[in-house]
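Dear colleague,

My notes on it follow directly after.

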Amino acid sequence: MTKKPAKSTPPAAATLPPEVREGQSIELLKELHILTREGKLNQDSRRKLKQVYHLFNFIEPLLRDLPEDGAGATLADHGAGKSYLGFIVYDLFFKALGGGHIYGVETRAELVERSTALAARLGFGRMSFLNVSAADAATDAALPDRIDIVTALHACDTATDDAIAFGLEKQARALVLVPCCQAEVASQLRGQKALALSRTPLAELWRHPLHTREMGSQLTNVLRCLYLEACGYSVTVTELVGWEHSMKNELIIARYTGQKKRGAAIRLHALLSQFGLQSLADQRFSRAPMPEPTAEAEEAAA
């Protein structure tokens, strides 16, 4: 008599890694290749899961601060990739709610198709995935006029700036950003290095190529923070996780207060001028024009 093959059963809760939270979809974690088919967690997946969990710990309070404890929240995730973040946030927060929606913004069509199919298979009905760039997403009819939370986890180079522009256009209540590969400012610093060295000793800070890259990255994020403050947000900058887990580790959290800081706009334009980056004023920071020089402005900048 031929024996029937034994049916595979999901691992019991007691055998799951302790990192897996109660109520999480085991199928989702396997589909994202965080858990193996046997329900195990390797070191690389553990590191990835730790990053996403830690980011969720920052996002959840922002969702809870919205009306009705975030029951109708909208979240747009830029540079979604395989949508690890979006799926985990949906699983841990949105799944139990009767409303709310997550939009994944991604330029790679195959990843959009894969995420759309996975959301349908899991019954995550309030997730949508758009094959569009962050720069074009603000005018895409598939997205609502208002988005509550904007996230961008390792959106490369200027994609983080596009996510900020999107958030401002959509009147986001909060932005959660982990920038990556900031090359635009470094490129401009590199292109006018000789002129800068003849003009100011500060140019020694980016004379060597390695320092140019690091200085460009640091300056990029400083400018972004000032821009958000000038546009009415309070800004916090911290580490996402320990540096041993990721070198792309700077976390920028911006909460809308409506109080546009004139001093931040003044400092923003002063830095652009000091580093020879005036061409970025209209391109990246158009919502924070240089205030008229007044006594009040000078006092705010002090």
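In what follows, two residues are said to be in contact when heavy atoms lie within 4.5 Å. Please bear in mind that this is a predicted model.

By that criterion, Leu-219, Val-222, Leu-223, Leu-226, Tyr-227, Glu-229 and Ala-230 of helix H9 meet Ala-264, Ala-265, Arg-267, Leu-268, Leu-271 and Leu-272 of helix H10. The residues of this contact comprise 11 nonpolar, no polar and 2 charged. Helix H9 covers residues 209-230 and helix H10 residues 262-274; their axes come within 8 Å and cross at roughly 150 degrees. Angles over 145 degrees count as roughly antiparallel, and H9 and H10 are therefore roughly antiparallel to each other. The crossing of H9 past H10 is left-handed.

In the whole structure, 8 aromatic pairs were found. One of them joins Phe-87 and Phe-124 in a tilted arrangement, with 6.3 Å from centre to centre and 45 degrees between the planes. This pair links distant parts of the chain, 37 residues apart: Phe-87 belongs to helix H3 (residues 84-94), whereas Phe-124 lies in the loop between helix H4 (109-122) and strand S3 (127-131). Phe-87 is buried, at a relative accessible area of 0%, and Phe-124 is buried as well, at 5%.

Phe-93 and Phe-94 form an edge-to-face pair, 5.3 Å centre to centre with 75 degrees between the planes. Phe-93 counts as buried at 3% relative accessibility, as does Phe-94 at 0%. Ring pairs join Phe-87, Tyr-90, Phe-93, Phe-94, Phe-124 and Phe-129 into a cluster.

Yours sincerely

Conventions. Residues are numbered from 1 along each chain as its sequence is written. This is a predicted model: local features need pLDDT of at least 70, side-chain atom pairs count only at pLDDT 80 or more; totals for chains, interfaces and linings use all residues. Side-chain values use heavy atoms; hydrogens and water are left out. Axes are lines fitted to C-alpha atoms, for helices over the stretch in contact, and angles run from 0 to 180 degrees between N-to-C directions. Helices (H or I, at least four residues) and strands (E, at least two) are DSSP runs, numbered from the N terminus. Angles under 35 degrees count as roughly parallel, over 145 as roughly antiparallel, 65 to 115 as roughly perpendicular and the rest as oblique. A crossing is left-handed if the near helix is turned anticlockwise from the far one by less than a right angle, and right-handed if clockwise. Ala, Val, Leu, Ile, Met, Phe, Trp, Tyr, Cys and Pro count as nonpolar, Asp, Glu, Lys and Arg as charged, and the others, Gly among them, as polar. Rings of Phe, Tyr and Trp (its six-membered ring) pair if their centres lie within 6.5 Å; planes under 30 degrees apart count as stacked, over 60 as edge-to-face and the rest as tilted. Buried means under 20% relative accessible area, exposed over 50%, partly exposed in between (1.4 Å probe, protein chains only).
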